[in-house]
Amino acid sequence: MRIAPFVSEALSKNQPVVALESTVITHGLARPENLEVARAMVVAVREAGAVPAVIAIVRGEVRVGLEEEELKALAEDQAAEKASLWNLSALVASRRTAGTTVAATAFLAHRAGIPVFATGGIGGVHPSPFDESADLVALARTPILVVSSGMKSILDLAATLERLETLGVAVLGYRTDRLPAFHSPTSPYSLPTRVESPEEAAAVYRAQRGLGLSPAVLVFHPVSEGLPFERVRAWVEEANAEAQSRGIQGKALTPFLLRRLAEQSKGATDRVNRRLLVENARLAGEIARALAG
Ligand code: PSU
Ligand code: MN
């Protein structure tokens, strides 16, 4: 694991650092806007007064903190893989380059001593065909604070929320009582806890660590300007039915569904996706500051 000097220096001085997930760069967004959004996330963390550390696998090396040139190379690498936990060692052993999912980023950020990271949406549960993201189990055993806008909108939100409860992950709504639904700032599902500020989120994280609880603290941050929940759900149902009838599954499913949602919404889902990524990076920076201060 190679920690960039600008990151290790910040960590040694107890300055706020925010880890950034990179599957969103390699797989979540289309080129070339993936690089623009990644840069905007980096800037948002800096503007909040924290040091951004993009985590990725570069030619078999675990990297914590990328320089601008390295970020560009990752965003442009068409062969970049998606590193979760089940393939992380194999990607390192075969010297591959990969974006890290929430599961892999949580594990690596924690190993590097970074307590906060930002992403767009976490993985979750999809009942049929059955799929449960490794993100959930990783969040259950990694005491890190994660800022996201909910789960990917293509998942079963109620089932995912139930799994988070079962796994003992601390779930907070940021200035909301309802689960944000990624592209939508709200949904019908209630959250157990609401926080009003970065300081309150930081206080829950400190309590989590103080109690010796090993699961993560999830801060669900609604996008400031999103789309109506019912409309997105209708698009998702349509796209899912189409994927099923065309036999699209596994790794190809998320990119297909996201592309269909973008078409159905005439680009609106992509705009919301960009917005929430930058907003989450900023809030993660503010929480990191509250934790360091
Ligand atoms: N949300 C998106 N697009 C994505 C992801 C989330 O809108 O590409 C990525 C995140 O990196 C998340 C991962 O950790 O998908 C979950 O993948 P899986 O369901 O295969 O575990
Ligand atoms: Mn999966």
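How many nonpolar, polar and charged residues are in the lining of the largest cavity? By class, that lining has 7 nonpolar, no polar and 1 charged residues, where Ala, Val, Leu, Ile, Met, Phe, Trp, Tyr, Cys and Pro count as nonpolar, Asp, Glu, Lys and Arg as charged, and the others, Gly among them, as polar. This is a predicted model, in which local features need pLDDT of at least 70 and side-chain atom pairs count only at pLDDT 80 or more, while totals for chains, interfaces and linings use all residues. Residues are numbered from 1 along each chain as its sequence is written, chains are lettered from A and ligands numbered from 1 in the order in which they are written, and side-chain values use heavy atoms, with hydrogens and water left out.

**Ligand 1**

- Ligand 1 is surrounded by 13 residues, and the closest are Glu 21, Lys 82, Val 102, Ser 133 and Asp 135; a residue counts as near if one of its heavy atoms lies within 4 Å.
- An oxygen atom of ligand 1 lies 2.7 Å from an N or O atom in the side chain of Asp 135.
- For the side chain of Lys 82, the distance from an N or O atom to an oxygen atom of ligand 1 is 3.0 Å, and for that of Lys 152 it is 3.1 Å; a polar contact is a pair of N or O atoms within 3.5 Å.
- Taken alone, ligand 1 exposes 470 Å², of which the protein buries 88% (accessible areas by the Shrake-Rupley method with a 1.4 Å probe).
- Helix H2 (23-28) and helix H7 (134-141) are the elements that give two or more residues to the shell around ligand 1; helices (H or I, at least four residues) and strands (E, at least two) are DSSP runs, numbered from the N terminus.
- The shell around ligand 1 divides by class into 4 nonpolar, 5 polar and 4 charged residues.

**Largest pocket**

- Ligand 1 sits in the largest pocket, the criterion being that more than half of its atoms lie within 2 Å of the grid points.
- On a 1 Å grid over the protein atoms alone, a pocket is an open set with protein on both sides within 12 Å along at least five of seven lines, a cavity is a set of points where a 1.4 Å probe fits but cannot get out, and lining residues have an atom within 4 Å of a point.
- The volume of the largest pocket is about 1,200 Å³, a volume being the space filled by probe spheres set on the points, which are joined across faces, edges and corners.
- The largest pocket is lined by 42 residues, and Lys 82, Asp 131, Lys 152, Lys 251 and Thr 254 are the closest to its centre.
- At least two lining residues each come from H2, strand E5 (81-83), strand E9 (131-132), H7, helix H11 (253-264) and helix H12 (268-292).
- The lining of the largest pocket has 17 nonpolar, 17 polar and 8 charged residues.

**Second largest pocket**

- The second largest pocket has a volume of about 290 Å³.
- Its lining has 16 residues, with Ser 153, Leu 155, Asp 156, Arg 233 and Val 236 nearest its centre.
- Helix H8 (157-167) and helix H10 (229-246) give two or more residues to this lining, and H10 has the largest share, 6 residues.
- The lining of the second largest pocket comprises 10 nonpolar, 3 polar and 3 charged residues.

**Cavity**

- The whole structure holds 1 cavity of 30 Å³ or more.
- The largest cavity is lined by Leu 20, Glu 21, Val 24, Ile 25, Ala 38, Met 41, Val 42 and Val 54.
- H2 and helix H3 (33-47) each supply at least two residues of this lining, and the largest share, 3 residues, comes from H3.

**Backbone**

- The peptide bond from Arg 31 to Pro 32 is cis, with omega near 0°, and Pro 32 is in the loop between H2 and H3.
- Arg 175, although not a glycine, has a positive phi of about 55°; Arg 175 is in the loop between strand E11 (170-174) and strand E12 (193-195).

Note on methods. Polar contact = N/O pair within 3.5 Å; in protein donor to acceptor, adjacent residues only side chain to side chain.
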